[in-house]
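Here is a protein to look over. Some questions and answers follow.

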Amino acid sequence: MQWHRLTCRPVRIEWPTVAVAVCIYAGFAALTWWYDRLPPPLVAVLGGYLLAWHGSLQHEVIHGHPTPWRAVNELLARPGLSLWLPFGLYRDSHLAHHRAELTCPQQDPESWYLSPRAWASLGAPGRTCLHLLNTSVGRLVLGPLVLLWRFAATQLRAARGGTLDAAAWAGHALATAPVLAWVLWVCRIPLGEYLLLFVYPYLALTLLRTFAEHQAEALPGQRTSAVETHPLMALVYLNNNLHALHHECPRVAWYRLPRLWRRHRARILQANGGHCYPGYLTVLWRYALRPRVTPCWPLAAPASSGAPALPAPAVAPR
């Protein structure tokens, strides 16, 4: 299938994506401003949704949307609402994910698999924890904490080894300073409450999407899944729930994906081995206490396996 006209850089502004950005920032400003007038459960639902939506906007920007100008696009997505992840690190890692042998822990920076050597070195408690993380309950409840710990560990190792991306962190400091000033000083939201009611639900909601995206299959074309979900869930993910289609045509704008999915659904599912779920409730229920995949990468080592394994995924939520 050829996507030439759909995969090129935008030649004009994609207004649906600009509208999403306006809704995200306006919604975030309103929610934080009236934070103390709303019940915490409602704040957690809305805060998690808005930050996950913002993560999806960043994903669109990484793939060249919504304008022909990269600097404008990145400026649109750079505000660090989630606090923890520099946009530059996410951009570089996610593009590497699209170039990698998917799910391979030596190559794919978004893989949740361990290499056989790393798996063999784990004791029983570590293996039990990883099996739990491959259940939907474990991924949503423990996954955010594990993800943040892994990311911090990789950055500390980079700092000690002299390979820390100082430019990315400097840009991140500039991007998060206004957010922290607004949240902490203007809206007077305690940092702990912001982390609990905004950042943690956002990570859990994002991890729900990534939980069902990839699996280690012998045929590379069968390593990417899709979830046909409710429009509200599709909106927060900007249709990245149709992940098999996104990997086939990663430069197509989010609002064009549903029509393409309907047109090419049968062919895509035939190519990806039928890896498709009817909704995220199905994913949650089916794998609540049963691991969806084995944590140990089950395939033969790639040709480049002599290279050192990548550290635990730094940006797996994306």
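## Reading the model

Q: Where does Leu83 lie?
A: Residues are numbered from 1 along each chain as its sequence is written. This is a predicted model, where local features need pLDDT of at least 70, side-chain atom pairs count only at pLDDT 80 or more, and totals for chains, interfaces and linings use all residues, while side-chain values use heavy atoms, with hydrogens and water left out. Helices are DSSP runs of H or I with at least four residues, strands are E runs of at least two, and both are numbered from the N terminus. Leu83 sits in the loop between α4 and α5 (87–99).

Q: Is Leu83 buried or exposed?
A: Buried means under 20% relative accessible area, exposed means over 50%, and partly exposed is in between (1.4 Å probe, protein chains only). Leu83 has 18% relative accessibility, so Leu83 counts as buried.

Q: What is the phi of Leu83?
A: Most residues other than glycine have a negative phi. Leu83 is not a glycine, yet its phi is positive, near 75 degrees.

Q: Which loop holds Leu238, and what is its relative accessible area?
A: Leu238 also has a positive phi without being a glycine, at about 45 degrees. Its loop runs between α12 (231–236) and α13 (243–248). Leu238 is buried, with a relative accessible area of 2%.

Q: What kind of peptide bond joins His65 and Pro66?
A: Pro66 is in the loop between α3 (40–62) and α4 (70–77). Most peptide bonds are trans. Between His65 and Pro66, omega is about 0 degrees, and the bond is cis.

Q: How many disulfides are there?
A: A disulfide is a pair of cysteine sulfur atoms within 2.5 Å. For Cys187, the closest cysteine sulfur is in Cys23, 19 Å away, so the gap is too far for a bond. Cys276 is in no disulfide either, since the nearest cysteine sulfur, in Cys249, is 15 Å away. The count is 0.

Q: Is Cys187 buried or exposed?
A: The relative accessible area of Cys187 is 14%. By the cut-off of under 20%, Cys187 is buried.

Q: Which residues make the nonpolar surface patch of about 440 Å²?
A: Patch residues have over 30% relative accessible area and no salt bridge; like charges are joined within 9 Å, and nonpolar side chains (Val, Leu, Ile, Met, Phe, Trp, Tyr) within 5 Å. A salt bridge is a side-chain nitrogen of Lys or Arg within 4 Å of a carboxyl oxygen of Asp or Glu. Areas come from the Shrake-Rupley method with a 1.4 Å probe; for residues, only the protein chains shown count as cover. The patch is made by Leu132, Val137, Val141, Leu142 and Leu289.

Q: What is the relative accessible area of Leu289?
A: Leu289 is in the segment after α15 (280–286). Leu289 is exposed, at 76%.

Q: How far apart in space are Ala29 and Tyr287?
A: Ala29 is in helix α2 (residues 15–33). In sequence, Ala29 and Tyr287 are 258 residues apart. From C-alpha to C-alpha, the distance is 36 Å.

Q: What is the radius of gyration of the protein?
A: This radius is taken over C-alpha atoms, and the globule rule is 2.2 Å times the number of residues to the power 0.38. For 318 residues, a compact globule would come near 20 Å. The protein agrees with that, at 19 Å.

Q: How many helices and strands are in the protein?
A: Buried residues make up 51% of the 318 residues. The protein has 15 helices and 2 strands.
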